[in-house]
Amino acid sequence: MTQRIDTDVPSIVVLDGHTLNPGDLSWHPLEQLGSCVVHARTAPGEVVGRLGQSAIALTNKVVIDSNVMDACPTLRYIGVMATGTNVVDVAAAQERGIVVTNVPGYSTASVAQMVFAHILHFTHSVALHSESVHRGEWSDQPDFCYWLNPLRELDGQTMGLVGFGKIAQAVATLAQAFGMRVLMHKPSRADGLPEGVSQVDMRTLFEQSDFLSLHCPLTPDTHCLVNRERLAWMKAGSVLINTGRGDLVDEAALAEALRTGHLAGAGIDVSQSEPISPDSPLLGLTQCSITPHIAWATCASRQRLLQRVAENLRNFLQGNPVHVVRA
């Protein structure tokens, strides 16, 4: 095991701070803990040089692999400024005695809110109708109202959830407030489900959901979980929502289901490549509402994330690390 070098005043390097804090928050919670250098973005070839002899690295999407760890022998802590830890070779860190932490649960309310932002986009087409009114089309109507496409009521509709962690549970609560029936699927049996939530098998979930929302982790088993076969199971006119991970969905198969009209729509906040590829088959499809991975990014959520990143680091420096990720 590589020997770690302790420092009285830790050197903290934030590799990609811009998305967490583009300038509307204060880095003070981290600055209280040591000498802190914040980089807005870091290219792969810049990682080693920027970490140098630092003890502490904080990353959101910048990859820290075994080669980086070997080139930075004083590194003893990697704080992931997110929940997912796929950007860090956790096994390599563990072998080298480097502690890795993450921040679970900071964006639950914000992501659940985004799920319904996409759902409501399809039920009432607020933007579409507002643009129509501003073009003067309401002023020219012979009647007091008009609508440009069918309007949908959520009461009595079925919300399907793939996975049932904290975010999915928050979505279920919102769905029930709208009067929706809630179904969920997870591989293991779920005990103590909230009243009105039923666990079903995967096929039943896809077949019965009017709105299907993805909330499972990305693993080899869930890669392209939503594929051509499972899309065919879905009701004609149903809507898919993905605020989880882009690779949960086969985007080519989804685009086909949208173009043929089998699905009424899809709301996605994540893509198989991020930023989204200009060649993505989903671009240009009016039935697909796309947001640029911002479900997590409300000001309240980012402030909470920054505070918890600092709390994780403080606990580590005090010899009591929390939210430690292990291989």
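How much space lies in the second largest pocket of this protein? About 340 Å³ of space lies there. Before we look around, a word on the model: it is predicted, local features need pLDDT of at least 70, side-chain atom pairs count only at pLDDT 80 or more, and totals for chains, interfaces and linings use all residues. Residues are numbered from 1 along each chain as its sequence is written, and side-chain values use heavy atoms, with hydrogens and water left out.

**The overall picture**

The protein has 327 residues, and 47% of them count as buried. Here, buried means under 20% relative accessible area, exposed means over 50%, and partly exposed is in between (1.4 Å probe, protein chains only). Along the principal axes, the C-alpha atoms fill a box of roughly 75 × 50 × 35 Å. The secondary structure comes to 11 helices and 12 strands; these are DSSP runs numbered from the N terminus, with helices being H or I of at least four residues and strands E of at least two. If you take the contacts (heavy atoms within 4.5 Å) between residues at least 6 apart in sequence, 63% join residues at least 24 apart.

**Empty spaces**

Rolling a probe the size of a water molecule over the atoms shows where empty space is left. On a 1 Å grid over the protein atoms alone, a cavity is a set of points where a 1.4 Å probe fits but cannot get out, while a pocket is an open set with protein on both sides within 12 Å along at least five of seven lines; lining residues have an atom within 4 Å of a point. Grid points are joined across faces, edges and corners, and a volume is the space filled by probe spheres set on the points.

Back to the second largest pocket: 13 residues line it, and His121, Phe122, Ser125, Asn149 and Ala264 lie nearest its centre. The most comes from α6, with three residues. By class, the lining of this pocket divides into six nonpolar, five polar and two charged residues. For these classes, Ala, Val, Leu, Ile, Met, Phe, Trp, Tyr, Cys and Pro count as nonpolar, Asp, Glu, Lys and Arg as charged, and the others, Gly among them, as polar.

There is also one cavity of 30 Å³ or more. The largest cavity holds about 30 Å³ of space, and the residues around it are Asn242, Gly246, Val249, Glu251, Leu254, Ile268, Val270 and Leu282. That lining has five nonpolar, two polar and one charged residues.

**Charged partners**

Side chains of opposite charge can pair when their charged atoms come close. A salt bridge is a side-chain nitrogen of Lys or Arg within 4 Å of a carboxyl oxygen of Asp or Glu, and the structure holds nine of them.

| Salt bridge | N to O distance |
|---|---|
| Arg302 and Asp24 | 2.5 Å |
| Asp70 and Arg96 | 2.8 Å |
| Arg135 and Glu137 | 2.9 Å |

The bridge between Arg302 and Asp24 links distant parts of the chain, 278 residues apart: Arg302 is in helix α11 (residues 299–317), and Asp24 is in the loop between β1 (11–14) and α1 (28–31). Arg302 is buried at 6% relative accessibility, whereas Asp24 is partly exposed at 42%.

In the bridge between Asp70 and Arg96, Asp70 lies in helix α3 (residues 66–71) and Arg96 in the loop between α4 (90–95) and β5 (99–101), so the pair ties together parts that are 26 residues apart in sequence. Asp70 is partly exposed at 46%, while Arg96 is buried at 15%.

As for the bridge between Arg135 and Glu137, Arg135 is exposed at 52% and Glu137 is partly exposed at 28%. Salt bridges that share partners also join Asp70, Glu95 and Arg96 into one network.

**Aromatic pairs**

A pair of aromatic rings is described by the distance of the centres and the angle of the planes. Rings of Phe, Tyr and Trp (its six-membered ring) pair if their centres lie within 6.5 Å; planes under 30 degrees apart count as stacked, over 60 as edge-to-face and the rest as tilted. This gives three aromatic pairs.

One of them is stacked: Phe116 and Phe178, 5.2 Å centre to centre with 10° between the planes. Phe116 sits in helix α5 and Phe178 in the loop between α7 (166–177) and β7 (181–185), 62 residues apart. Phe116 is buried at 5%, but Phe178 is partly exposed at 37%.

Phe206 and Trp233 make an edge-to-face pair, 6.0 Å centre to centre with 90° between the planes. Phe206 belongs to helix α8 (residues 202–208) and Trp233 to helix α9 (residues 228–233), 27 residues apart. Phe206 is buried at 0%, and Trp233 is buried at 17%.
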